[in-house]
Amino acid sequence: MNQQERKLNQGQLNVLMKLYKFRFSSRELVADSLGKKNSTTIYSKLDILVKHGYVAKHFEPNYKLEGRPAEYYLLPKALRYLIEHNPPDGLDDKTIKNSYKDKQASTAFIKHCLNIYALHNQLVKLYNDLQFFTRRELTIYDYFPSQLPDGFLSIKVDGQTRRFFLELIATETPPFAVDRRLRQLVEYHENDDWSVTDLPFPAILCVCETGAVERRFRKQVTRLSYRSDTDILLYTTTKPALLSSQQGDDAIWSNVTEPEVLHSIKTLIVNP
């Protein structure tokens with residue numbers, strides 16, 4: 001380490017690790033995931049990290065009028081620091097090279113990252129024994145789909161571990177992109193790449209940004225099922241339903257083939 005380089009304390013390092021995991025974040029999301037009721041202390045840490053070139057702050061003039069918080073992301077200096085001091089899963093030179101693109105990230109992509117972070121924070125509150133892995137953490141495993149899911153979840157139910165792929169369907173996602181993603185998952189399942197794990201194929205949790213998106217998604221799945229013979233288990237809910245859920249037993253999930261029947265995540269049927 002360069003002698004002139006600032007040594008970060010554990011609190012600052014924790015912030016870097018969260019930003020690495022989710023790529024983009026607001027200070028409120030970081031504070032929430034670190035169990036801080038007040039985001040002021042996180043703001044001071046972020047301010048120092050920005051000042052010393054570890055983190056960049058993205059804030060447009062219209063954000064204040066829209067009530068939209070500033071967005072933060074790691075700079076290459078921070079990624080190199082993590083490699084030297086506390087390398088997380090998936091962090092390598094390729095990650096650093098790709099991080100130079102974050103400055104030009106689209107509004108839709110940033111929003112997607114923030115939404116995934118918000119879903120993560122809610123899920124870990126609802127389920128103490130839940131593990132949540134993001135795309136960046138999954139890159140080291142070659143048996144996942146080439147286009148990685150938005151998240152990979154594992155949760156213990158009655159002593160048994162259940163596993164899920166998580167997909168977020170945003171309002172602005174065009175139908176053709178959703179259809180393409182469904183086909184990719186079907187092809188991945190049919191290629192049997194997951195079999196190297198000797199584990200049941202994960203069910204897929206699809207969080208739709210709105211009820212209208214959920215209804216449209218179900219129709220697309222129905223059309224696809226006519227053209228594909230697959231036994232993938234797909235469950236849907238909406239982002240508002242998940243974020244407003246008060247306890248893990250809340251029945252907010254439904255199988256795309258039985259939308260009228262609601263289940264909690266712990267009672268979902270999974271592959272044997």
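**Entry 1: the chain as a whole**

I began with burial: 47% of the 272 residues in the chain are buried, where buried means under 20% relative accessible area, exposed over 50% and partly exposed in between, with a 1.4 Å probe and protein chains only. The model is predicted, so I noted that local features need pLDDT of at least 70 and side-chain atom pairs count only at pLDDT 80 or more, while totals for chains, interfaces and linings use all residues. Residues are numbered from 1 along each chain as its sequence is written, and side-chain values use heavy atoms, with hydrogens and water left out.

I then looked up the overall dimensions. The C-alpha trace spans about 60 × 45 × 40 Å along its principal axes. The radius of gyration is 19 Å, which agrees with the value near 19 Å for a compact globule of 272 residues; the radius is taken over C-alpha atoms, and the globule rule is 2.2 Å times the number of residues to the power 0.38. I recorded an accessible surface of about 14,400 Å², 50% of which belongs to carbon and sulfur atoms (Shrake-Rupley method, 1.4 Å probe; for residues, only the protein chains shown count as cover). Of the contacts between residues at least 6 apart in sequence, 63% join residues at least 24 apart, a contact being heavy atoms within 4.5 Å.

**Entry 2: the sheet**

I counted 11 helices and 8 strands in the chain; these are DSSP runs numbered from the N terminus, helices being H or I of at least four residues and strands E of at least two. An open sheet is formed by 6 strands in the order 3-4-5-6-7-8, with mixed pairing; two strands pair if DSSP finds at least two bridges between them. Strand 3 (131-134) and strand 8 (254-255) are at the edges with a single partner strand each, so one side of each has no neighbour in the sheet.

I followed the pairings next. Strand 4 (residues 151-157) and strand 5 (residues 160-169) run antiparallel and are joined by 7 bridges, with Val 157 opposite Gln 160 in strand 5. Helix 7 (residues 107-126) packs on the sheet and touches strand 3, strand 4, strand 5 and strand 6 (203-208), its direction making about 150° with that of strand 5. Axes are lines fitted to C-alpha atoms, for helices over the stretch in contact, and angles run from 0 to 180 degrees between N-to-C directions. Helix 9 (residues 175-191) lies across strand 5, strand 6 and strand 7 (234-238), at about 150° to strand 5.

**Entry 3: strand 7**

Strand 6 and strand 7 run parallel, with 5 bridges; Ile 204 has Leu 234 as its bridge partner. Strand 7 and strand 8 run antiparallel, with 2 bridges, and Thr 236 stands opposite Ser 254. I found both faces of strand 7 covered: Leu 234, Thr 236 and Thr 238 are buried on one side, Tyr 235 and Thr 237 on the other.

**Entry 4: two buried residues**

I examined Asn 121, which lies in helix 7 and counts as buried at 2% relative accessibility. Its side chain makes a polar contact with that of Asp 32 (3.4 Å); such a contact is a pair of N or O atoms within 3.5 Å, where within protein one must be able to donate a hydrogen and the other to accept it, and residues adjacent in sequence count only if both atoms are side-chain atoms.

Leu 153, in strand 4, is buried with a relative accessible area of 0%. Leaving aside residues up to four places away in sequence, Leu 153 touches several residues, including Leu 123, Phe 132, Phe 164 and Leu 205.
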